[in-house]
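Me: I'm new to reading protein structures. Could you take me through this one, feature by feature?

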Amino acid sequence: KNGQILSNEKNLDMTVSSDMMNEPWYVSAIHSGQMPVLTSIRQQKFSMDKDTWVISISQEITDQKGENKGVLLIDIRYQVLEDYLKSLALGKLGYAYIVNSANEVVYHPDTVYFENTAKKQELKIMTQMPDGYDVSRNRLLHHYAIAHTDWILVGQCSLDNLAFLQRQLFETLVLIAVVLLIIVIGSGFIIARRITRPILELEKAMRSFEVGFSPIAIDEKGCYEAESLAIQYNIMVERIKTLMEDISKNESYLRNYEIRALQSQINPHFLYNTLDTIVWMAEFGDTQKVIDVTKSLAQFFRISLSMGKEMIPLKDEFDHISLYLFIQKQRYESKLNYTVLLEESLADIEVPKILLQPIVENAIYHGIREMEGKGQITVKASIENQILVLTVEDNGVGFDTDKKARQYVKLSGIGIANVDQRLKLYYGNAYGVSIQSKIGVGTVVRLTLPIKNQ
């Protein structure tokens, strides 16, 4: 502030006094706010001598009370900025210039634009134009706001080199296209061989599929897709083998079951009791009952055999259980009452034969026979959520399902567990037998299976 200068330059020709607050350039430097300013600060007035121009950045120096003590000036020679901007590759007719927020020229390769009002107006109009292609000048225009300044750098790029660039680009693209075509043809041939060879092997293996389930060898040099196909084919072959083995086991189980079922159908105990009942009726001269029971027994075994068929209409299954209950009624008389209900609309639904007899037999032997008073068995069919439900309900002694479930399902060599297994084998694990029982109330057994009409 007192005019003392501390500088890295010697012989500075700057206007100083004992109180620099009287010098306009000093006050202007204080208030410039660290913004770069084009100035010839070493002279009292701005001159057109570019050798004296500098880009000046100032910072006020104050004491602890905020009073001015001096000004720090950093001056960059204007020539540095000019040399850099002139080196930009903007074409033969292209150039760059800088204006500040007040549309004052900071840099232009032609110093006329610093003084000529018309030229300044021309720059102002150009500065306000949007980025892009200027048809009138055949130039590309671009604006760039320089950070931490109020300067805008405007660049005009002439297109005189565009034809050369287009030709060079075209030749480069043609060369790249030729190289890529050669690579594509060569790699396509290699890839095609790697794909088609294992696929042909796979096709050959598939054609021989009917002869035997032979897996194919996987070529480690083949493509990933072909290897994947071969792996999936081998997995399929193994799965088919497993399925065939399962089918064979299931068929074996069905055959064994049918043998056991046929054996259990001619249950000596049941047949003995029935014949004993017939003899007892004959001794008492009850000829009509003898005839009825004998006919029922014959028809019962006829339906049981079903000419070797495993699937029978639901009507035949209910006739079968009705005959069984009729015969048992002759033994137990008033102790056993029964009701068999079947709607006509359900009569033709096909079901595996001899589903209900083991359930009803169990209800008689473990429920009705052990109770005091009259027993009641109800057999009915219904449709629930598109599922066929066969229900056998009795009012027998009941049981605790946690303690006597195993004992309950053991009957006549077949049992409820066997019926449940048959249903799951035919239709899947979603179907089968469920039991609900309560001591002193009775037992309800439900058989669920899908609906399959004739």
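This is a predicted model: local features need pLDDT of at least 70, side-chain atom pairs count only at pLDDT 80 or more; totals for chains, interfaces and linings use all residues.

Me: How many helices and strands does the chain have?
Reply: Helices (H or I, at least four residues) and strands (E, at least two) are DSSP runs, numbered from the N terminus. Here the chain has eleven helices and 15 strands.

Me: What share of the residues is buried?
Reply: A residue is buried at under 20% relative accessible area, exposed at over 50%, and partly exposed in between (1.4 Å probe, protein chains only). Of the 454 residues in this chain, 35% are buried.

Me: Which residues have the most contacts inside the largest nonpolar core?
Reply: In soluble globular proteins, nonpolar side chains tend to be buried together. A nonpolar core is a set of buried Ala, Val, Leu, Ile, Met, Phe, Trp, Tyr and Cys residues joined through side-chain atoms within 4.5 Å. The largest one here has 40 residues, and V360, I364, I377, V379, L390 and L447 have the most contacts inside it. Elements giving two or more residues to this core include α7 (287-305), α9 (356-368) and β12 (375-384). Helix α8 gives the most, with eight residues. Another core, of 20 residues, lies apart from it, and has Y78, Y95, V106 and M126 among its members.

Me: Which residues does V360 touch?
Reply: A contact means heavy atoms within 4.5 Å. Leaving out residues up to four places away in sequence, V360 touches I321, Y324, L325, I377, V379 and V392.

Me: Where do the buried residues of helix α2 fall, seen down its axis?
Reply: For this we take the arc of the directions from the helix axis to the C-beta atoms. In α2 (residues 78-86), the buried residues are Y78, L81, E82 and L85. They fall within an arc of 95°, so they line one face of the helix. The face turned away from that buried side carries the exposed residues V80 and Y84. Among the elements covering the buried residues of α2 are β2 (54-62), β3 (68-77) and β8 (151-158).

Me: How many salt bridges are there?
Reply: A salt bridge is a side-chain nitrogen of Lys or Arg within 4 Å of a carboxyl oxygen of Asp or Glu. By this rule, there are six. In one of them, D319 pairs with K315, with the closest N and O atoms 3.2 Å apart. Both lie in helix α8, four residues apart, which is about one turn of the helix. Another joins K424 and D420, at 3.0 Å between the closest N and O atoms.

Me: Are K424 and D420 buried or partly exposed?
Reply: K424 is partly exposed because its relative accessible area is 29%, whereas D420 is buried, at 17%.

Me: Which residues form the nonpolar patch on the surface?
Reply: Patches are made of residues with over 30% relative accessible area and no salt bridge: like charges are joined within 9 Å, nonpolar side chains (Val, Leu, Ile, Met, Phe, Trp, Tyr) within 5 Å. This patch is formed by L169, L173, L175, I176, V179, L180 and I183, with about 650 Å² of accessible area together (Shrake-Rupley method, 1.4 Å probe; for residues, only the protein chains shown count as cover). I176 sits in helix α4 (residues 162-207), and counts as partly exposed at 41% relative accessibility.

Definitions and conventions. Residues are numbered from 1 along each chain as its sequence is written. Side-chain values use heavy atoms; hydrogens and water are left out.
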